[in-house]
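Hi everyone, thanks for coming.

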Amino acid sequence: MELIDEIKTKVIEALNLEGMTPDDIDNDAPLFGDDGLGLDSIDVLELIVLLEKNYGIRLATPAEGKAVFRSFAVMASYVAEHRSK
Amino acid sequence: MIRVYCHGYGVRTPLGNNAGELLQCILEGRTALKLHTGVFGCPVPFVASLFEDRASAPGLSFFESIAVEAAKDALAGTDSASVALVLASIKGNVEKIGGEDVSLAASARRIADALGMEIPPLVVSNACISGLAGLVQGFRMLRSGRYSKVLVLGAEVQSKFIVTGFQSLKALSMEQCKPFDAARDGLNLGEAAAAILLSTEEGPWEIVSGAVRNDANHISGPSRTGEGSWKALCQVLEGINPEDLAFINVHGTSTVYNDEMEAIAIDRAGLADVPVNALKGVFGHTMGAAGVLESILSMLSADRGVVLPTRGFSTLGVSRPVKVSASASKTDKKAFIKLLSGFGGVNGALLFRKGGER
Amino acid sequence: MKHAVIPSGASLPELYRSLAGDYPKFFKMDTLSKLGFLLAETLCKDEPGRFTPREDRAIIVCSREGCLANDLHYAASMEDFPSPAFFVYTLPNIVTGEIAIRNKWGGETSAFVMEEFDRERLSELAREAFQDKCTRSLFLAWIDCPSDTEWVAKAWLIDKEEIENQILD
């Protein structure tokens, strides 16, 4: 599986995005706000845990997270560059 | 109309077990907040106010033990059999989760038994406003005419469960917290037990009214408009002219969003000229105990004609011009408001007035 | 006085699809909150003026076990990667917040814990809640869910006059 699809699968599971599949989510669509997946502040924190757990990436603050979680494309390239596992 | 008064009180905090001494500590600028490393098996250090001596009474957990001790001081000399217990706590014995019965119901039963109380106890677990909501509940039980005395007992101890949880929310500061300050960056957790005996007999302080309102906005983020807090304030303001308020003792957790939200609510309610103080810089956020503990200290300070200082505050860091008390000041006013907010979007306000003042 | 029950072990996603279907946040909730949400949907989905913000309806949720089922999930996660999504549901009153948000009820919300289901005590709690002069209507629930598969979940929608001199149906 491509990294971006792997991340999508993990996010769908971690955030309980019921009824969604990786194909439903556009690589460049925003994760937050009403036009995107509509994720909120708790989801950001859960995504921070997801990155640490699966890829060994530690983000210190939600603000740092928001920059990384702009879209799945941004997230995948960040993971590819910074992963330690 | 039945009126409700505060009689005895009791406190257990890492800074002292006597409310008068605790008040003195606050005036001297002391704090129980310090960095803890490796405590409770938490992998990441944290700043908190924790008891050093963690001995339990036989048959009781540490949480129940400090609750019983604070309650005994509040009950001194009262026949407890006819006193109803309202216990306020968020997590009780959660440190023991996985093995025994950690329910707050079981804790309340053991506490009531240890105190010789015969009426089935009630637990209020309404997030960070639990102590305040417990006082509102006790107030109503007395006003219903079915009870003559209610002991409202707030208690909380810390554990790996709570500390790692707040760390996962990135809500803790690694320094001593700074309520309403421009440099505030999170809260500190604290442990305490505090009790107030409420009665319909006339006493030194009266609870005039209380209100609880929900933001109906988000389960963990405070409302950007201070909605519920403002509504709760408006409700209790019906019982007082704002000019008669000595101060508002706020929640002041020192998270960026909570303090900003409270400033908006206070300003919207037309209270920007009333002194505001917060005590989290002394003993941290004592969760279920906060409403009771902070109400006791507010009553005692008003008795002495003092508006307590806000330890940790120096430069106003909220968008509204609220009058945060950096240092102690004098007051001759005989009423105050206690304000709290919590997860679940819940907010509460209580109006206290010196007995015989209306 | 309207009354609703969700039988223990019922499929909550199925109930959600038949009662609501338009609120994906449901799937992020713990079981306690899901039960509270669905009880409120059952009692209020056909109410005129649904979703018009109101302050005159209070929410009370009572139980013995609070949010124990979710607490166990959080406790399991905290040993390696503490989960913020589990932690935010480790308060027994989050269910009242979820109901308030969904329905835009900005009145009083409370969570109580007591040793057993007691119709008279709950009726007393309801009367005490109506002492707030803003409160004219009350969503009162007993939801005890020690696990994600077994529970007791029942709720009443009560007008002030209906509880003055009587106990819950």
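This is a predicted model: local features need pLDDT of at least 70, side-chain atom pairs count only at pLDDT 80 or more; totals for chains, interfaces and linings use all residues.

Residues are numbered from 1 along each chain as its sequence is written, while chains are lettered from A and ligands numbered from 1 in the order in which they are written.

The predictor's confidence in each residue, pLDDT, goes from 0 to 100; its mean for chain A is 91.

Now look at helix H2 of chain C, residues 31-44. Helices here are DSSP runs of H or I, at least four residues, and strands are runs of E, at least two, numbered from the N terminus. Is H2(C) enclosed or open? Since 11 of its 14 residues are buried, H2(C) is largely enclosed by the rest of the structure. Buried means 20 or more other C-beta atoms within 10 Å of the residue's own, with C-beta atoms placed from the backbone. Phe37(C) and Glu41(C) are among them.

Over in chain B, the buried residues of helix H7 include Met261(B) and Ile264(B). Just after H7(B), Gly270(B) has a positive phi of about 75 degrees.

Finally, the meeting of chains: 41 residues of chain C contact 44 of chain B, contact being C-beta atoms, placed from the backbone, within 7 Å. On chain C's side, H5(C) gives the largest share, six residues. Strand S5 of chain B and S3(C) run antiparallel, joined by two bridges, and Val123(B) sits opposite Val113(C).

Note on methods. The expected span of a helix is 1.5 Å times one less than its number of residues. A residue is buried if 20 or more other C-beta atoms lie within 10 Å of its own, exposed if 12 or fewer, and partly exposed in between; C-beta atoms are placed from the backbone. Two residues are in contact if their C-beta atoms, placed from the backbone, lie within 7 Å. Two strands pair if DSSP finds at least two bridges between them.
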